[in-house]
Amino acid sequence: MAAIQAAAAEPSAAKAAAAWETDMSIWNAIILGLVQGIAEFLPISSSGHLAILQNLMGLKTAEGGGYVFFDVLLHLGTLISICIVYWSEIVSMVRETVLFFKRSSTPEQKEHLPAARELLMIVIATLPLFLILPVKDKIEGLYYNTLFVGCALIATGAILFFSDRRKAPGKKGARSMTVWDAVLIGCCQAVATAPGISRSGTTIAGGLVRGLNRSFAVNFSFLMSVPAVLGANILSLHDALKVGINAAEVPAYLVGMAVAMVAGVFAIRIVKKITSEGKFGNFAYYCWAVGLLSVILSLVL
């Protein structure tokens with residue numbers, strides 16, 4: 001009420017303040033878009049970094065600041081990133097799956113459909129996420145526990161460090177990975193719903209441990225995130241519509257989504273390059289540094 005009275009008394013000042021708030025909102029969206037786009041794919045945990053930004057630095061985030069619709073758009077941006085980088089693979093999966101179910105296809109043709117088989121493995125790897133639904137609220141509550149997030153980042157570093165030091169590189173690809181490989185990698189994705197545990201880092205590490213070749217482990221990790229992110233977005237969109245959408249902030253949200261999309265494309269390509277060079281485990285040092293700093297600050301502040 002006081003804000004309305006002040007705006008009525010000084011309309012020019014109110015307009016200036018509103019313009020400043022919009023600028024701040026856009027810059028906030030750009031920062032969060034960068035963090036989401038980069039940290040979603042680099043094995044350093046986007047949820048962990050967003051939690052640290054909010055809990056220690058006071059920056060409003062999509063996950064912790066009540067911006068449910070913005071959170072949906074940020075994840076949609078990273079989903080588009082995957083589709084851009086892996087468009088040909090996605091098209092192949094759809095084409096081969098249709099071919100598999102065609103009655104005119106011969107058994108010999110069905111045996112040589114690696115993209116369709118990879119899609120089946122992705123579906124299987126997504127199933128463990130349903131085990132998380134009963135404890136979803138408790139896991140989301142950990143977002144506000146900076147001490148937990150810091151410890152989880154340290155654990156992520158350990159996962160990256162040891163998984164990248166296999167003596168013999170894996171050789172499995174879409175034709176040779178097993179159902180158990182998909183299930184265990186899916187379990188890694190389910191564990192990574194906890195803030196501070198990197199989804200990409202844990203699933204790529206799981207693939208390397210199960211003997212997937214480096215390139216395929218990265219590709220499978222990112223492609224298997226598509227149904228997970230899409231499903232989470234559908235659930236979050238329902239929540240966003242219940243909470244309500246502030247139309248005045250939508251332009252800033254769209255800017256953040258675009259930034260997340262562009263940053264995501266670059267991040268995916270960086271991870272592909274670094275993993276192929278056998279330097280995937282180097283991200284462990286960054287996770288340890290940020291995790292240790294977060295633990296110390298959470299105890300001191």
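Student: Which residues form one aromatic cluster?

Tutor: In this predicted model, one aromatic cluster consists of Phe161, Phe162, Tyr285 and Trp288.

Student: How are the rings of Phe161 and Tyr285 arranged, stacked or edge-to-face?

Tutor: The general idea is to look at the angle between the ring planes, since planes over 60 degrees apart count as edge-to-face. The planes of Phe161 and Tyr285 stand at 85 degrees, with the ring centres 6.2 Å apart, so this pair is edge-to-face. The two residues belong to distant parts of the chain: Phe161 is in helix H9 (residues 146-163), while Tyr285 is in helix H14 (residues 283-300), 124 residues apart. Tyr285 counts as partly exposed, at 44% relative accessibility.

Student: How many aromatic pairs does the count give?

Tutor: The count comes to 11 aromatic pairs. One of them joins Tyr143 and Tyr144, whose ring centres are 5.4 Å apart and whose planes meet at 80 degrees, so that pair is edge-to-face. Tyr143 is buried, at a relative accessible area of 4%, whereas Tyr144 is partly exposed, at 48%.

Student: How many helices and how many strands are there in the protein?

Tutor: The protein has 14 helices and 0 strands. Of its 301 residues, 46% count as buried. Contacts can also be sorted by separation in sequence. Among contacts between residues at least 6 apart in sequence, 81% join residues at least 24 apart.

Student: Which residues does Tyr86 touch?

Tutor: When residues up to four places away in sequence are not counted, Tyr86 touches Val218, Asn219, Phe222, Leu223, Ile268 and Lys272.

Student: Where is Val72 found, and is this residue buried or exposed?

Tutor: Val72 is found in helix H4 (residues 68-85). The residue is buried, with a relative accessible area of 7%. Leaving aside neighbours within four places in sequence, Val72 is in contact with Asn233, Ser236 and Leu237.

Student: How many salt bridges does a search of the whole structure find?

Tutor: Side chains of opposite charge can pair when their charged atoms come close. The search finds 5 salt bridges in the whole structure. One of them joins the side chains of Lys172 and Asp181, at 3.0 Å from N to O. Asp181 counts as buried, at 0% relative accessibility, and Lys172 as partly exposed, at 23%. Together with Arg210, Lys172 and Asp181 are linked in a network of salt bridges.

Student: Which residues form a salt bridge with Glu277?

Tutor: Glu277 forms a salt bridge with Lys273, the closest N and O atoms being 2.7 Å apart. Lys279 also forms a salt bridge with Glu277, the closest N and O atoms here being 3.9 Å apart. Glu277 is partly exposed, at 40% relative accessibility, and Lys279 is partly exposed, at 43%.

Student: Where does Ser45 lie, and what is its phi?

Tutor: Ser45 lies in the loop between helix H2 (11-39) and helix H3 (46-55). Its phi is near 70 degrees, a positive value in a residue other than glycine. Ser45 counts as buried, at 2% relative accessibility.

Student: How many disulfides does the structure hold?

Tutor: The structure holds 0 disulfides. For Cys187, the nearest cysteine sulfur is that of Cys188, 7.2 Å away. Cys187 is partly exposed, with a relative accessible area of 33%.

Notes: Residues numbered from 1 in each chain as written. Heavy atoms only, no water. Phe/Tyr/Trp six-rings, centres within 6.5 Å; stacked < 30°, edge-to-face > 60°. Buried < 20%, exposed > 50% of the residue type's maximum accessible area, 1.4 Å probe, protein only. Helix = DSSP H or I, 4+ residues; strand = E, 2+ residues; numbered from the N terminus. Contact = heavy atoms within 4.5 Å. Disulfide = S-S within 2.5 Å. Salt bridge = Lys/Arg side-chain N within 4 Å of Asp/Glu carboxyl O.
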